Amino acid sequence: MSSAASRFDRGHTDDLMTFLAASPSPYHVVANTAERLEKAGFRRVEETDAWDGTTGGRYVVRGGAIIAWYVPEGAAPHTPFRIVGAHTDSPNLRVKPQPDFGREGWRQVAVEIYGGPLLNSWLDRDLGLAGRLTLRDGSHALVNVDRPLLRVPQLAIHLDRQVNEGMKLERQRHMQPVWGLGEVREGDLIAFVAEEAGVDAEDVAGWDLMVHAVEAPAYLGRDRELLAGPRMDNLISVHACAAALAAVAAHGDDLPYIPVLAAFDHEENGSEADTGAHGPLLGTVLERSVYARGGGFEDKARALAGSVCLSSDVGHAVHPNYSERHDPTHHPRPNGGPILKVNVNQRYATDGSGRAVFAAACEKAGVPWQSFVSNNDMPCGTTIGPITAARHGISTVDIGVACLSMHSARELCGSDDPHHLANALVAFLEG
């Protein structure tokens, strides 16, 4: 096992908890990831500037997406890439353009459903508000009201005696949170958020705000073998990818590949965005990296043909109360190591060659691993993996961490699996 691959243990999970709590929106995810990369010696480059191909770590930020890469000493223009991919967004409730409304003396915030959340998991929770404000000069200000501010109150059982026989939530009527009492005044929410961000409300020209549960991540169980927290889908992967890239870059001048982190926004609603996996960002960065090192089209084609991507996203652990919903011969368990996600209809991009790459990385890192495949009677989800493979022609393998309560406001995984994943990613990036 390499020195880098052996470095992550339960301390990595402790750090993940800090990362989860500090990253309530994709914009915070990117800011926190960038800060960690800066400490590892990476420097930010702007898309509008000319790039050079010198040795070292660089990263690009666009909205809720970040691409980072490390150029080893003497890397040729056709040097292949080793990419670890993830996404920064999670299903939640997002603030509408005209947020202030109310009924019956209650002040409420108008929200839209983002992605595919488990709606009932947002009921009767203390909720905060976070995201970014866009100012009139085009700059942005991050804001994080990380204290109880809003609540989506459930109807009392006395007024719905059949609720335990089957609850149906109407997205428009039932999911609008309350945040106070009194007269509704247009502009109140944005004025409040602007004050929290330390900017003048008159300077706010736009916003991308979302609701988050304020309960902190926590170890769970007698032996603390489980981890509960928000946004594990997919910040477990973003955090592990960033940690792995920084570890490899620390001793990376003899690397045979150029290691890359690609963390996209908008995976939860289809990746169709300039910051999503369907957008041009990754391809543009890889191409410019080749050209900055003096290469041309032939070098880019050679580099991509030899590249491999591990697309890391959470998957389903076997559920003890619903085991019949899982494939009868594939039951991933918490702390059993990262999972290899397979679907022959290409909802996941893994094939036999990809399995061999992943198995070799886990063996090198000394971590266990498991296979996941959906029950044939259940529709299979998807990830950025097939998109990356199809858009860029890069061999891609879908992996992740097994969890319960996926898309809940609060999810659950094994507390050893995050560092198992990070160690496997290091081994993969090292080649």
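Predicted model: local features only at pLDDT ≥ 70, side-chain atom pairs only at ≥ 80, totals over all residues.
Residues are numbered from 1 along each chain as its sequence is written, and side-chain values use heavy atoms, with hydrogens and water left out.

Strands and helices were taken from DSSP runs (helices: H or I, at least four residues; strands: E, at least two), numbered from the N terminus. Two strands pair if DSSP finds at least two bridges between them. Strands of a sheet pair through backbone hydrogen bonds, either parallel or antiparallel. Three bridges link S11 to S12 (residues 226-229) in the antiparallel sense.

Strand S4 (residues 81-87) has two parallel partners, S13 and S14. Seven bridges join S4 to S13 (residues 258-264). Here, phenylalanine 81 stands opposite isoleucine 258. Four bridges join S4 to S14 (residues 308-312). In this pairing, valine 84 faces leucine 310.

S4 is mostly covered, with seven of its seven residues buried. Buried means under 20% relative accessible area, exposed means over 50%, and partly exposed lies in between (1.4 Å probe, protein chains only). In a regular strand the side chains alternate between the two faces of the sheet. Both faces of S4 are covered. Phe81, Ile83, Gly85 and His87 are buried on one side. Arg82, Val84 and Ala86 are buried on the other.

The structure holds 20 salt bridges. A salt bridge is a side-chain nitrogen of Lys or Arg within 4 Å of a carboxyl oxygen of Asp or Glu. One of them joins lysine 39 and glutamate 35 (3.9 Å, N to O). Both residues lie in helix H2 (residues 26-39), four residues apart, about one turn of the helix. Lysine 39 counts as exposed because its relative accessibility is 70%. Glutamate 35, at 43%, counts as partly exposed.

Glutamate 215 and arginine 125 form another salt bridge, with their closest N and O atoms 3.7 Å apart. Glutamate 215 lies in the loop between S10 (204-213) and S11, and arginine 125 in the loop between S6 (106-114) and S7, so the pair ties together parts 90 residues apart in sequence. Glutamate 215 is partly exposed, at 44% relative accessible area.

A salt bridge also joins glutamate 430 and lysine 364 (3.0 Å, N to O). Glutamate 430 belongs to helix H10 (residues 417-430) and lysine 364 to helix H8 (residues 352-365), so this pair ties together parts 66 residues apart in sequence. Glutamate 430 is buried, at 8% relative accessible area. Lysine 364 is partly exposed, at 31%. Elsewhere, Arg43, Asp52 and Arg58 are linked in a network of salt bridges.

Asp137, Asp200, Glu202 and Asp203 gather in a patch of negative charge on the surface. Such patches consist of residues with over 30% relative accessible area and no salt bridge, like charges being joined within 9 Å. Aspartate 137 lies in the loop between S7 (127-135) and S8 (140-150). Aspartate 137 counts as exposed because its relative accessibility is 64%.

Note on methods
Patch = residues over 30% accessible without salt bridge, like charges linked within 9 Å, V, L, I, M, F, W, Y side chains within 5 Å. Areas by Shrake-Rupley, 256 points an atom, 1.4 Å probe, with all protein chains shown as cover. Lys, Arg positive; Asp, Glu negative; His and termini not counted. Charge placed at Lys NZ, Arg CZ, Asp CG, Glu CD.
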